[in-house]
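Please look through the sequence and the model shown here before reading on. The report is meant for someone new to this structure.

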Amino acid sequence: MKIRSSEITPEHVYLARPSRRAFLKLALAAAGGAGLVACAPPAAPTLVGPTPAADGQTDELGDAVNRFEDIVNYNNYYEFTTDKAGVAGLAAGFTTDPWTVEVSGLVNKPKTFGLEDIRQAFTSEERIFRLRCVEAWSMVIPWNGFSLSEILNQVEPTSDARFVKFTTVSRPEEMPGLSNPLYPWPYTEGLRLDEAMHPLTTVATGLYGRDLLPQSGAPIRLVVPWKYGFKSIKSIVKIELTAEQPATLWNTVGPSEYGFYSNVNPEVDHPRWSQASERRIGEISRRATLKFNGYETDVADLYAGLDLAANY
Amino acid sequence: MNAPSTAGRSAVAGPRRSTPKRWLGALVHLGALIPLGLFALDTALGRLSPDLIRDVTLRTGLAALVFLLLALAVTPVVTVTGLAVLNPLRRWLGIYAFVYAALHLSIFVAIDYGFNAALLADAVLMRPYALAGLAALAIMLPLAATSTDAMQRRLRRNWKRLHRAAYAAGLLAVVHYIWLVKVGVIDPWWYAAVLVGLFVLRLPPVRRRVSALRKRQL
C-alpha cells in the first residue's frame, strides 16, 4: 500500500494545465472508474494570485507538502461535526463574505478589519508548515499568510497586555455542531503575547495559493506551527489583548488533557495516549514526533526556564 | 448428535441446530461481509479517509464492537420476542466479533506500528485505552476457542459461566472506545447505552417480568 510520489503533489491536477487533467481523467477511466470522475472534488475556487505551489514543494526538512484534497477533506472543525471526513460537506457554502475581525482589548488603536482591509494592508507570502494534530497525525501545508505581529503592531498593545485571546465565529444556523452542549461555544483560543508576536505565528487567508475553504477555517485563521493543531483557531472574528490568561475551549473541557501551551512535545504525553509518534497523512508507517514540531530552534527561547511537563 | 448424553437435552430444547432456519445462519455470514463490502464501496467511490490506516483500524474496531453487541443482543431479543429460533445465531456473531477484533489488533501492531517494539510499548503500556482493548480481545479468545459443540459439551455448566465473560468484553470494548476519543465526542456513548440496555434486559428479575409480560400478551 505505498503511496506513489506522483500522488503527493497534485496541485497540477486541479490547476491550469489541461493536459495533465486530461491525463488524470484518462487514468481514472483506465482504472475502470469512468464514473469516478464525477466524484472528484468540485472545481477549484478562484485563485488569489499566481500559485506558488508547484511540483516537489517541501518543507525545510525536505518533506513533501500534503495533497490539496487531503488537506481540505480531513478536518477537525467541531462547529460543523466531529467527523473529520464530514466537515467539508457540511461547511460547503458557509458564508465568509462579508467578514470582519475586531481587534480590541488592551490596545491603543482598536480596529475592526474588513477582509479587504487585511488583504490590502498585509502582504501574504507562502509559508510551508507542519501541522501536528493532538490526535497524533500530521500534514505539511503550504499556507498563504503573514505574521500576526503585523496586525498587533498596528493596534499597539498597551503595556498591560500580556495575552491574546481569539474567538471563532458562532453561527448556529450554518454550524450544526454548535448544538453540541458539551462544549462552551464559541471556540476560543489564546497565546501569550510574546508567542503571538513571534514571526512564525501566522495569520492565514489561503492555502495552496487559493483562498481558504470553509473547512480550513475561511476566511481567516491562525497557524501556530509549533503547537498542536487545535491552537490554530479557525474563522476568527475577534482578537482581544488581555492582562489575564484567557479561557480556551479545550482547556476548559479537559484541563488535564489540553494545556494552555499545548506545544508539540514527544516527551509529554496526552494523559490517554502517547505523543511520541505521529502519522503523516499519506504515509503508512509512523514517524517520530519532533519537539516543538521541528521548530525548536525558532521558538525554544520563548520557554526558557519553563517546566514543559508542568506547563503542557 | 445422538449420543445418549445429549439426547435428553435435545428433547427439552427442541430440534438442534441443523433444523432451525439455515437461512438465518446464512444471514449472519452475509452480514459479516458487510464491513468488507462497505470498505470496497468506499474505496471505489474514493471515500476512504486520507489517514488510511486509521480508517481501517476504526472500521475493524467498530465491526468487532457491533458484532459483539449483536451477539450479546440475542438473548435479550429472544426474551422480548420469544423467537428462540434466533439463539443459535449467537455463536457466529461472537466468532465474527472475535475475528474483527483480531484483525483490528493485527492492523495496529503490524501496519500502524510496523512491529516497532519501542513505539508499541510506548503506545500500549500504561495506556488504559489500549489495555482495555487488549483485555477485551484476551477475553474473547477463550470464548472463540470454546465455541464449538464439542467444547460446549465438555465444559458443561462451566461453559455458560465462561461465556458470561462476553459482557466483560463488551464493557471493555466500549470503555476502550470512550477512552480514545476526545472529551465531548458522544459516538461511543451510544454503544455504551445499548450495552447497558442489553445488560438490564438480562437481569433475572427484569427477564422474568418481560417474559411474563410477553406470555400474557399472547
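## Model and confidence

This is a predicted model. For chain A the mean pLDDT is 86, with 82% of the residues at 70 or more. Residues 1-54 of chain A have a pLDDT below 50, and this stretch makes 61 contacts in the model beyond near neighbours in sequence. Where pLDDT is low, predicted coordinates should not be read in detail.

## A sheet in chain A

Chain A contains an open sheet of five strands in the order β2-β1-β10-β5-β6, and the pairing is mixed. The edges are taken by β2 (111-114) and β6 (188-192) of chain A; each has a single partner strand, so one side of each is left without a neighbour in the sheet. On average, neighbouring strands of this sheet are turned by 15 degrees against each other, direction ignored.

One pairing within the sheet joins strand β1 (residues 100-105) of chain A to strand β10 (residues 236-242) of chain A. These two strands run in the parallel sense and are linked over four bridges. Glu102(A) has Lys238(A) in β10(A) as its bridge partner.

## Chain B as a whole

Chain B has twelve helices and zero strands. Read from the N terminus, its elements are α-α-α-α-α-α-α-α-α-α-α-α. Along the principal axes, the C-alpha atoms of chain B fill a box of roughly 55 × 40 × 35 Å.

## Helix α4 of chain B and its partners

Two packed helices are described by the angle between their axes and the distance between the axes. Helix α4 (residues 52-81) of chain B packs with helix α5 (residues 89-112) of chain B, their axes coming within 8 Å and crossing at roughly 160 degrees. The cut-off for roughly antiparallel is an angle over 145 degrees, and α4(B) and α5(B) are therefore roughly antiparallel to each other. The crossing is left-handed. The residues in the contact of α4(B) with α5(B) are 19 nonpolar, five polar and two charged.

α4(B) also packs with helix α11 (residues 187-202) of chain B, at an angle of about 30 degrees and with the axes 9 Å apart. That angle makes α4(B) roughly parallel to α11(B). α4(B) and α11(B) cross in a left-handed manner. On the α4(B) side, the residues that meet α11(B) include Leu65(B), Leu69(B), Leu72(B) and Pro76(B); among those they meet in α11(B) are Tyr191(B), Val194(B), Leu195(B) and Arg202(B). By class, this contact has ten nonpolar, two polar and one charged residues.

## Helices α10 and α11 of chain B

Helix α10 (residues 165-180) of chain B and α11(B) have axes that come within 9 Å and cross at roughly 160 degrees. The two helices are therefore roughly antiparallel to each other, and their crossing is left-handed. From α10(B), the contact includes Tyr167(B), Gly170(B), Leu171(B) and Val174(B); from α11(B), Pro188(B), Tyr191(B), Ala192(B), Leu195(B) and Phe199(B) take part. The residues of this contact divide into ten nonpolar, one polar and no charged.

## Where the two chains meet

How many residues of chain A are in contact with chain B? There are 27 residues of chain A in contact with 23 residues of chain B. The chain A side of this contact is made up of 13 nonpolar, nine polar and five charged residues.

Technical notes
Residues numbered from 1 in each chain as written. Chains lettered and ligands numbered in written order. Predicted model: local features only at pLDDT ≥ 70, side-chain atom pairs only at ≥ 80, totals over all residues. Contact = placed C-beta atoms within 7 Å. Nonpolar A, V, L, I, M, F, W, Y, C, P; charged D, E, K, R; others polar. Pairing = 2+ DSSP bridges. Axes fitted to C-alpha atoms, helices over the stretch in contact; angles between N-to-C directions. pLDDT = per-residue confidence, 0-100. Parallel < 35°, antiparallel > 145°, perpendicular 65-115°, else oblique. Left-handed = near helix turned anticlockwise from the far one by under 90°.
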